[in-house]
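Open the structure in your viewer and keep the sequence beside it. The stops below say what to select and what is there.

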Amino acid sequence: MSSDGTDERVDYTRVFTQAIDRLHAEGRYRVFIDILRNKGAFPNARCFAGHNGPKPITVWCSNDYLAMGQHPKVIAAMEEALHDVGAGSGGTRNIGGNTHYHIDLEHELADLHGKQSALLFTSGYVSNEATLSTLAKILPGCIIFSDELNHASMIAGIRNAGCEKRIFRHNDLAHLEELLAAEDPSVPKLIAFESVYSMEADVAPIVAICDLADKYNALTYLDEVHAVGMYGARGGGISEQEGVAHRLTIIEGTLGKAFGVMGGYIAADQTIVDVIRSYAPGFIFTTSLSPVLVAGVLASVRHLKASSVEREGQQASATLLKAMLDEAGLPVMLGETHIVPILVGDPVKAKRISDILLAEYGVYVQPINYPTVPRGTERLRFTPGPSHTPAMMRELTQALVEIWGRLELRKAA
């Protein structure tokens with residue numbers, strides 16, 4: 001009670017309710033669709049909506065870009081591991097959670113990127129946050145130079161590092177060099193950037209950034225999350241495709257997108273990996289990945305090192321879908337990568353289009369809103385894979401044209 005007898009206690013329920021109400025008012029409230037994929041038949045799935053039982057749908061927004069989560073080799077490896085060692089890992093890597101599967105996979109990932117060593121994490125988010133925050137704490141006075149469109153996990157790692165940071169305009173080499181040149185040459189520097197920016201569908205100028213790193217004695221940290229498995233002769237990412245992996249200090253990747261399972265990792269020289277292994281709380285205090293998952297990833301990585309069929313099929317699908325959408329006059333954001341975004345520019349309309357696609361056409365694609373993308377650039381993000389047929393693409397294009405007309409949305413210029 002206050003001195004005048006009124007009750008000043010915090011109304012927690014009201015505060016939380018208002019926070020959710022703000023998302024509804026802005027059209028940014030996120031709804032998770034209840035689906036199950038059909039084993040061996042991706043992108044076919046079934047959606048549980050309403051009371052009429054499961055409805056067949058086509059998935060257009062999965063990050064399992066190559067459908068490796070459905071690959072017979074991956075499933076067989078996971079089943080074998082399950083029956084060999086059981087389900088869970090048993091703890092952190094230091095306490096019971098280190099298995100031969102983990103060691104084998106780290107060797108494969110180091111080899112994939114031509115590095116001395118690699119380290120597994122439970123997700124790509126954790127690998128970014130743990131590594132970046134730890135690196136800057138180990139390097140006294142470190143300044144991190146971060147692309148303005150870096151993923152939230154990289155931003156979190158940089159923030160948690162507590163170090164100085166400089167944000168350079170997206171893929172702007174002149175701005176990056178201006179920021180690098182303004183700092184004391186004796187200060188440790190780290191340039192953090194991505195290879196493929198998943199919402200813009202563009203690619204970083206990796207070679208030029210490495211040149212600047214050499215010129216200003218900076219370390220480099222490349223997030224290849226949306227490129228590993230997808231590019232390069234063995235799936236080593238854009239850095240392999242451009243022959244520049246050896247020039248990068250640390251390469252970070254995920255095991256949950258092109259490799260189709262779950263987890264994250266870094267690859268670097270042995271000393272750097274040992275530092276992260278020994279100092280990063282996000283690694284030390286987390287139960288390790290289940291050996292069942294690791295066995296699946298191991299099979300996936302080994303397969304994609306030797307097979308380019310999946311990559312070639314995916315690229316062909318992305319090229320065809322872009323052409324269809326562009327020819328239909330839809331505002332597709334044409335880029336050089338496997339990701340196909342269509343700009344909507346309004347969160348409410350993006351959600352409305354997504355809802356109509358699912359309810360009326362059996363097409364599943366989630367709207368991408370702030371804070372994943374800047375306000376006013378809301379979009380639908382399509383990820384065609386090697387199993388999406390030309391017929392599926394024609395049906396999708398026709399559906400989008402009909403909805404654009406129905407909602408009186410502006411077509412591409």
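A disulfide is a pair of cysteine sulfur atoms within 2.5 Å. By that criterion, a search of the whole structure finds 0 disulfides. Before selecting anything, note that this is a predicted model, in which local features need pLDDT of at least 70 and side-chain atom pairs count only at pLDDT 80 or more, while totals for chains, interfaces and linings use all residues. Residues are numbered from 1 along each chain as its sequence is written, and side-chain values use heavy atoms, with hydrogens and water left out.

**Stop 1: the cysteines.** Select cysteine 163 and cysteine 142. The closest cysteine sulfur to that of cysteine 163 is in cysteine 142, at 5.2 Å, which is too far for a bond. Now select cysteine 210. Its closest cysteine sulfur is also in cysteine 142, but at 17 Å, again too far for a bond. Cysteine 210 has a relative accessible area of 1%, so it is buried (buried means under 20% relative accessible area, exposed over 50%, partly exposed in between, with a 1.4 Å probe and protein chains only).

**Stop 2: leucine 132.** Select helix α4, residues 124-138, which contains leucine 132. Helices are DSSP runs of H or I with at least four residues, strands are runs of E with at least two, and both are numbered from the N terminus. Is leucine 132 buried or exposed? Leucine 132 counts as buried because its relative accessibility is 0%. Leaving aside residues up to four places away in sequence, leucine 132 touches Ile144, Met154, Gly157, Ile158, Ala161, Leu190, Ala192 and Tyr221. Contact here means heavy atoms within 4.5 Å.

**Stop 3: the segment before α1.** Go to threonine 13, whose C-alpha atom is 36 Å from that of leucine 132; the two residues are 119 apart along the chain. Then select valine 10, in the segment before α1 (12-26). With a relative accessible area of 51%, valine 10 is exposed.

**Stop 4: the whole chain.** Zoom out. The chain has 14 helices and 16 strands. Along the principal axes, its C-alpha atoms fill a box of roughly 70 × 60 × 50 Å. Of the 413 residues in the chain, 53% are buried. Among contacts with a separation of 6 or more, 70% join residues 24 or more positions apart.
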